[in-house]
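This report considers charged side-chain pairs and backbone geometry in one protein model. The sequence and structure are shown first.

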Amino acid sequence: MGRHGENIRKRKDGRWEARIIQGYNADGRAKYRYLYGKTYQEVKSKKAKALVEQRTQPASETGNLKITFGQIADEWLQLRKSMVKESTYANYANIIERHLQPELGKVYLSAVTSEMLETFLNQKLQNGRLDGKGGLSTKTVADMRSVIKLVLQYARRRNYPCRADIYISCPGVKMPEIQIFTRQEQARLEKVLFETQAEIHLGILIALYGGLRIGEVCALQWGDFDFESSTVTVNKTVIRIRDMDSSSDRKTKLLIERPKTQCSNRTIPLPDFIISCFEKHRKNDELYLLTGTEQFMEPRTCLEKYKRVLRAAELTISTFMH
């Protein structure tokens, strides 16, 4: 069975076959190089080695003006798969397949201009949602701009016919207005949290006093706490991404990954009364804080539990745990 996004399949003769884009014909169609192996892992290893070799060689079809932006985007995406985190690759694939390919995919690379790309991005800000219900967020459009820039940089490095004067202005990313609890509201919330100290209550406390995101709270294990130094170390997060495996019935899947930026890996000092509270509930290092088991809680489930706690405290503000 083929592996979605990898261009690897099992042949009828029992061998595994991988293919990589090696260039383009005069009519703009991709030229493929085929690799074979007895096992999936063998042919995957051959493909990875071939891609490394290919990245060091200039494109041979430098004079071909019929290469499209979509073809180069697919080639770039194929090369990035083994170089980035699974969540990053899924985000790249989502942007290219759902937004860039439908509108820019058939445009010849040599015809792509700054004006064309800025018009495209502005249109996405105005009415770019796939359900037709308005525009995309500035953060999403900024991510699209980043992918377009990376694709064009790759095209220039490979000597494909790409204009050197392309410039795309960046849409300003609007941060949501931050709401915080008043002292009275926080006191009401803490009264509910300390009354029973259920596992979800401990998670809300650590978010409240440590500034953790919801995915980080879901990924916390008891081994992340240092009770002697009164700290908690944050070095992983639970996220939901698009499932790229075509053999799966799921559209998305959950996984634990390292935070995206280095500054998100951090050790946070905690107040003594929080450490004392947590020490009473301390479990084995490999168990997760929110479940008390070896299985983490999904962020969506955590959010629903958090909303129930807010209702118990007669509160509506919920932005601190995001």
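Is lysine 46 buried, exposed or partly exposed? In this predicted model, lysine 46 is partly exposed, because its relative accessible area of 37% falls between the 20% and 50% cut-offs. Its salt-bridge partner is glutamate 42, which is also partly exposed, with a relative accessible area of 32%. Both residues belong to helix H1 (residues 40–55), where four residues, about one turn of the helix, separate them.

The structure holds 21 salt bridges.

| Pair | N to O distance |
|---|---|
| Glutamate 42 – lysine 46 | 3.7 Å |
| Glutamate 75 – arginine 158 | 3.8 Å |
| Lysine 191 – glutamate 195 | 2.7 Å |

The pair of glutamate 75 and arginine 158 links distant parts of the chain, 83 residues apart. Glutamate 75 sits in helix H2 (residues 69–80), and arginine 158 in the loop between helix H5 (138–157) and helix H6 (183–196). Glutamate 75 counts as buried at 0% relative accessibility, and arginine 158 counts as buried at 5%.

Lysine 191 and glutamate 195 are four residues apart in helix H6, and therefore about one helical turn separates them. Both of these residues are exposed.

Serine 230, although not a glycine, has a positive phi of about 60 degrees; it lies in the loop between strand S4 (225–226) and strand S5 (231–234) and is buried at 15% relative accessibility. Glutamate 314, likewise not a glycine, has a positive phi of about 60 degrees. Glutamate 314 is found in the segment after helix H10 (299–312) and is exposed at 64% relative accessibility.

Notes:
Residues numbered from 1 in each chain as written. Predicted model: local features only at pLDDT ≥ 70, side-chain atom pairs only at ≥ 80, totals over all residues. Heavy atoms only, no water. Helix = DSSP H or I, 4+ residues; strand = E, 2+ residues; numbered from the N terminus. Buried < 20%, exposed > 50% of the residue type's maximum accessible area, 1.4 Å probe, protein only. Salt bridge = Lys/Arg side-chain N within 4 Å of Asp/Glu carboxyl O.
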